[in-house]
Amino acid sequence: MTQSVAGSVAERTDLPVLKPFRLTAAPRLGLPFTAQHGVLLVGALALAVFVGEAEAGPGVPSIPATLLKWTPLLAQGFALNIAMSMLAMAIGTVLGLAVGLGLISLKWPVRASSWLVTQFFRNAPWLVLLFYCVLLMPFEVRIGGVIVPLPGWLKATAGLALPVMANVAELVRGAVRSIPSGQWEAAEALAFTRGQTLRLVILPQCVKRMMPPWMNLYAIVVVATPLTSIVGVSEAMTLTGDILSSEGRSDLLVPMYLYLLTWFFLYCYPIARATVAVERRFAVR
Amino acid sequence: MTSPAPERDAPLIRMRDVVKKFGATTILDGISLDVMKGQVICIIGPSGAGKSTLLRCINALVPIDAGSILVEGQEVNDPKLDKLALRRKVGMVFQQYNLFPHRTALANIMMAPVHVLGRNRAEVEAEARALMRKVRLDGKEDAYPGELSGGQQQRVAIARSLAMQPDVMLFDEVTAALDPETVKEVLVTIRELAEEGMTCVIVTHEMGFAREVADEIYFTDRGVVVEHGPPTDFFSNCRDERTRRFLSQIL
Amino acid sequence: MTDLQPLWNWFRWLYETHGIKLTIFYDAFDRARFFNGFLTSLWLMALCIVASVIIGIVGAWIQGSRSRFLQALMEGYIQFFRNTPPLVQLYFFYFALGSYLRMTSPSGIEVPIITNFTWAVICLSLYAGAFNVEIFRAGIEAVPKETAEAAEALGYNRLGAYLHVILPLAFRISLPALNNNLVNLVKTTTIAYAIAVPEMLYVANQIWSDELNVTEMMNVLLIIYVALVGAVVYVMGRWERAMLIPGYTP
């Protein structure tokens, strides 16, 4: 007779006993940012700076000093990354809501065309869409009588907004489908029209369900913004390349890229943690 | 419950030979049913006999394949039927309450009269509060459904349907999902409604309740009405073998 | 390909009459290099898929171990690759780490030990592998504890229970998320362009620089990629449906 209570049977008998095993739970997503970790991080940074300064030869500025020198420029570039991510997210979300409503429409042509749009922009690689928008959109448009210039970063943002739109549409559809059918029945029994049901009953409940995957999508957009460097936008990635070629030091390569990676990590990791927290809070049914 | 006067005109609900199929399965195989104004009808029977489908056919949540359903003279099967007008006359309460979780209890009750009937908000609020007092939930107006017990939620659901001032109320096994302690409070509410003269069609497993409240009991099995009659006759002198077997299993 | 010559001639006619320049069809040289780019893309995608799934399985196993150090290591790996841009990771691997991995070839010049194609495979596999580890872990933990206990009660040891009971169920539970991740991986392989891997996008760029037909090439590229990814989505969907257990909703 095996027992799952550790130590009871196994300790009291000399008969062969099957040791209990259990699926070990992996630590839940993410190391918590406790004070302990903060101290460790600061300590590691201090050590790196100290070593860097110690290693610096005569006449050659140390690596930490170089990184510090270029930080303001890098910050400007990073600000552009953030700006592009937020703008692409905003535009994509608004468009995606519209397409998402099209996906659940009762009219077949609306549903079919929404489905085509969603599938097309979900299947296209983000880089190819970026190329497409940057190369093929005109450099200025005439709206009314006004000529509006379209700078490269704006076209790139449009290129990022397209897959966001498709993903948000899919999110909307999934969220609406996850609402229990009883809600639709009750609203119908109360003589609500379909539009009223969506507006007053279904969509307000969808907002909570869409939050975690939507936040996750934003994190994905942020880490996609360096792709715009390939199509000529002068953001953090491009500037890193420029800095490295102007400094011309091969020992700066690893620290510089690690530095850039750290910037993104420090921005995205809190978003990931917040997403988990929001998910947990809204999962209480 | 005394039956209404014999010279009363057409029944409020009249179902004749209603047939409903889902794919290859026939759920309703020729149901005929009469509900007079002010009557309380209880429908009992084994699970899967199509009782819930029957109710849903009455307020056009489910379309029928053959037969006719007349609600206050209006044919439900008519493709040109104004569904919204029908649902203002026919209220329905569900087994799973289906309250809107993102609005308070009071808001749940007020939503339909304000948005569907376009009535004045202040009037509707006063009525809604009165309804909550009626179902003995005054004090819980600002509670969200998630904060209420099952029995309380079901009573809010009843109040929500009553707010539309329907002519007939349909109850679909409304106590089946409740703990035994809370079942009684909901049944008391329904009985009070019935005593006030509301026409009710109740699908239920609660035999004691059916015996007390109903004017007429219908027993359905495998999509047909096997037997029906007033409770006194029904429970003591049922004629059909199937009815007898069902009653012996549950009583 | 001589029997397709009439088809290629039609594309030449298209250029001559309507100005739609699709040299990748009627010009033998462009046709060959675009086709090679297409094959390189396919090969890159296939290698990355296989490698990332293996990393995911191994990583999920390591994460289940009792050593707190190993768990922390895996957690660090996952969080790093999830919260940083894959393009920057790629540059880091190829330019930064790659600069240390040079050797002198017999002819005296410095050549990299690891080619850009290999770096792309390594980086993309590690990137997708990080997501796969979490997906497989979530799948394993979603198998109800009672099922594992039933396996134990029947006399399975730990390995047997995993192989015959837990992993088949866990795999089916993770399948939708895994397919989603693999489709994303297929789309992400285009970033290999940035380190001059001659996959489809890169070759298309060379072609439109030579032939000045950006619009045509971009449209063709978009259609081919959407069709390719669409095919992957379809195959994954069929596979998912084939693996469904009747009556089982996890």
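Modeller: Let us begin with a convention: helices (H or I, at least four residues) and strands (E, at least two) are DSSP runs, numbered from the N terminus. Please keep in mind that this is a predicted model.

Colleague: How many helices and strands does the secondary structure of chain C come to?

Modeller: Chain C comes to 10 helices and two strands. Read from the N terminus on, the order of its elements is α-α-α-α-α-β-β-α-α-α-α-α.

Colleague: What radius of gyration does chain C have, against that of a compact globule of 250 residues?

Modeller: The radius of gyration of chain C is 23 Å, whereas a compact globule of 250 residues would have one near 18 Å. The C-alpha trace of chain C spans about 75 × 55 × 30 Å along its principal axes. Of the 250 residues of this chain, 36% count as buried. As for sequence separation, consider the contacts in chain C between residues at least 6 apart: 71% of them join residues at least 24 apart.

Colleague: In which sense does β3(B) pair with strand β8 (residues 199-203) of chain B?

Modeller: The pairing of β3(B) with β8(B) is parallel, over four bridges, and B:Ile43 stands opposite B:Val203. Strand β9 (residues 216-221) of chain B also pairs with β3(B) in the parallel sense, over four bridges; there B:Ile41 has B:Glu216 as its bridge partner.

Colleague: Which strands of chain B form an open sheet, and in what order?

Modeller: Four strands of chain B form it, in the order β2-β1-β4-β5, with antiparallel pairing. Its edge strands are β2 (25-35) and β5 (74-75), each of which pairs on one side only. Strand β4 (residues 66-71) of chain B meets β5(B) in the antiparallel sense over two bridges, and B:Leu70 stands opposite B:Glu75.

Colleague: Is α5(B) mostly covered or mostly uncovered?

Modeller: It is mostly covered, with 12 of its 13 residues buried. Among these buried residues are B:Gln152, B:Arg155 and B:Arg160, along with B:Val156 and B:Ile158. The buried residues of α5(B) pack against β6 (90-93), α3 (105-115), α4 (121-134), β7 (168-172) and α6 (180-195) of chain B.

Colleague: We come to the interfaces. Of the two pairs of chains in contact, which chains share the most contacts?

Modeller: The size of an interface is often given as the accessible area lost when the parts come together. Here we read contacts instead, and chains A and C share the most. Their contact takes 36 residues from chain A and 41 residues from chain C. On the side of chain A that touches chain C, α10(A) gives the most, with 10 residues. That side has 31 nonpolar, five polar and no charged residues.

Colleague: How many residues of chain A are in contact with chain B?

Modeller: There are 15 residues of chain A in contact with 17 residues of chain B. The largest share of the chain A side, six residues, comes from α7(A). By class, this side of chain A has eight nonpolar, five polar and two charged residues. Chains B and C are joined by no contact, and their closest C-alpha atoms lie 19 Å apart.

Colleague: Which residues have the most contacts inside the largest nonpolar core?

Modeller: They are A:Leu127, C:Leu90 and C:Ala120, in a core of 190 residues. Helix α6 (residues 152-178) of chain A gives the most to this core, with 15 residues. A:Leu127 touches residues of chains A and C, including A:Leu227, A:Ile230, C:Ile191 and C:Leu201.

Note on methods: Residues numbered from 1 in each chain as written. Chains lettered and ligands numbered in written order. Predicted model: local features only at pLDDT ≥ 70, side-chain atom pairs only at ≥ 80, totals over all residues. Contact = placed C-beta atoms within 7 Å. Nonpolar A, V, L, I, M, F, W, Y, C, P; charged D, E, K, R; others polar. Rg over C-alpha atoms; globule rule 2.2 N^0.38 Å. Buried ≥ 20, exposed ≤ 12 C-beta atoms within 10 Å, placed from the backbone. Core = buried A, V, L, I, M, F, W, Y, C linked by C-beta atoms within 7 Å. Pairing = 2+ DSSP bridges. Lists of a residue's contacts leave out its neighbours within four places in sequence.
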